[in-house]
Structure formats: C-alpha cells, structure tokens
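Please open the structure in your viewer and keep the selection tool at hand.

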Amino acid sequence: PHVAGAFALFRQFFRLQKGRIPTPAEIKNILNSTGKQINDTGGTNLNYSRIDVFAAIDSLRIPEVTRVSPLNNSYLNLSNQNSTFICNSTSNHYSLTNITFSLWNSSSLVYNLTENITGINNQTNFSYNFSVDDIYQWNCEVYNNNSFKNSDSNFTITYDITKPQINLISPSNSSTWTSSSTVSFTYNVSGGTINNCSLIINNNTNQTNSSITINTTQTFTESLSNAVYNWSINCTDFANNIKNSEERRLTVSYTAPVVVSNTGGGSSGGG
C-alpha cells in the first residue's frame, strides 16, 4: 500500500508539473534513484532503494533550460562574428537565481559568464565576439534558490570565415573544344565543408552539385553548340562563405563526322 500510494502521489505531481502522465518505468526509475540506498549484506550483497517521496517530488523541481540560439550543429560566419546566445529558463516552484553561459573551443574553455536572474521564467542573452575559425561547444546552466541546476549536453557550432578555394583544371583558358559537343568542366575545391558548387556559363548558373568531395576532381558536363563561352565555378560552404573562381574563355568548334550510308546496288541483264 505504501508503494502504491507513493506511486499515485508522484504520478499526479509529475502530471501537474510536466503536463503529461509519466510511464511506469519513469516513475520506477525516479523512485529508485532518489530513494535511500540500503545494502543487503545477508549474502546477496544487493542494493535496494527505500522510497523517499519528498526527494522524488523535489527532483521534479529542477529548473529547465532551453537553448534558443544558435541551434545545435549550426554554422556561423563573419556576419555572426559578434554572436548572441539565447537561453530560456523555467522553474515552477523555486525562484531562479543565476545562469551561467560557457563556451569551449576544440581544446579548452574560452569564455564563461554568470548573470543574476529572478522570477520563475527568464530569457537571458549572452554575447561573444569570435575571432578564430574552430568548432565550439556552448551551454547554459541555471540555478534556483533551492540550489537545483540543470544543464543538458552541449550544443556544437562551427565558426568559419574562410572561403572555399577553387582550382580550375580544364578546359584551359582560351582553349578550343573540338572533341565532341559535350564539354567536361573539371575542378577541385578545398577548405572546410562545401555545401554546393555551381557551373556558371555566360554569367548564368548552368548546373549545381550539392554532393561535393573536397580535394577530389569534380566534373560538370554540358552539351554546347558552337560558340564562344565564358565559364567559372562558384562554391558555397555550410557557413555560407561564397567563392567565385577565375573566369575562363572557351570556344566550342565541333564538326560532327559525316556518316555516308552505302545502300549497295546491283544490275540485271537479259539473255
């Protein structure tokens, strides 16, 4: 009866707190994790949890943090150099007291700031001025006046202001294409992670490839009529850094082979 009563009480409080009904497994896990651990030394050497209803309910009063911006796995570029990090905090039963913003690069903590906050709902903005390309992680940790805190796993962001590097391979500049009416435009690109590259012919986007492998020869093929063309490659990385290659001139002068059809013939004679 005591367990059933504790189960029902916790279930009702959870529903009021979270706006949904917990699963039996959730209730069991919280009752086990918040109860007093009792060791059975009678040969079995097992640990059991003595239910502590207050501790179980109090565990639901941990403030919640929602990281609003920038989103996880997002990219920042020069326009985001001075970036704003936004965190929302909620504590239903205890007043919020402070929130800490932390930022790490690939090797260490690079920035840490704590702000005092009040109330049970709060939105806090933090600002950081980036200067170095790197992969960063960030988080917000919040406390209420019962010393509870909440901090989920870090969000990852990439700060990248380096434009893609494009190397045109062929056709060479001012060359004449005579081998066929289909022209192969080859190039490779390096630097960061590339979102897409486009073939530009006479200032118009001809084709776009969104599956780019860096440092590997990439090819666009296009059927062109005999004429003079200006062409280049344009690439954009995931941080929206855009690079235009040099422009090259190409003359297409292809003469299709003449196919002669020999239908054969015969003669007839009389006798």
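The stops below cover a sheet, the disulfides and one asparagine.

This is a predicted model, in which local features need pLDDT of at least 70 and side-chain atom pairs count only at pLDDT 80 or more, while totals for chains, interfaces and linings use all residues. Residues are numbered from 1 along each chain as its sequence is written, and side-chain values use heavy atoms, with hydrogens and water left out.

**Stop 1: a sheet**

Select residues 64-69, 82-90 and 121-129, which are strands E3, E5 and E8. Strands (E, at least two residues) are DSSP runs, numbered from the N terminus. These strands form an open sheet of 3 strands in the order E3-E5-E8, with antiparallel pairing. E3 and E8 stand at the edges with a single partner strand each, so one side of each has no neighbour in the sheet. From one strand to the next, the twist averages 25°; such angles run from 0 to 180 degrees between N-to-C directions, with axes as lines fitted to C-alpha atoms.

Two strands pair if DSSP finds at least two bridges between them. E3 and E5 pair over 5 bridges, and 9 bridges join E5 to E8. Next, select arginine 67, whose bridge partner in E5 is cysteine 87. Then select isoleucine 86, whose bridge partner in E8 is asparagine 125.

**Stop 2: the disulfides**

How many disulfides does a search of the whole structure find? The search finds 2, a disulfide being a pair of cysteine sulfur atoms within 2.5 Å.

Select cysteine 87 and cysteine 140, which are joined with an S to S distance of 2.1 Å. Cysteine 87 lies in strand E5 and cysteine 140 in strand E9 (residues 134-144), so the pair ties together parts that are 53 residues apart in sequence. Both cysteine 87 and cysteine 140 are buried, that is, under 20% relative accessible area (1.4 Å probe, protein chains only).

Now select cysteine 197 and cysteine 235, where the S to S distance is 2.0 Å. Cysteine 197 lies in strand E15 (residues 194-201) and cysteine 235 in strand E18, so this link ties together parts that are 38 residues apart in sequence.

**Stop 3: asparagine 234**

Finally, select asparagine 234 in strand E18 (residues 227-237). Is asparagine 234 buried or exposed? Asparagine 234 counts as buried because its relative accessibility is 16%. Not counting residues up to four places away in sequence, asparagine 234 touches several residues, including Ile166, Cys197 and Asn244; contact means heavy atoms within 4.5 Å.

Technical notes
Helix = DSSP H or I, 4+ residues; strand = E, 2+ residues; numbered from the N terminus. Buried < 20%, exposed > 50% of the residue type's maximum accessible area, 1.4 Å probe, protein only.
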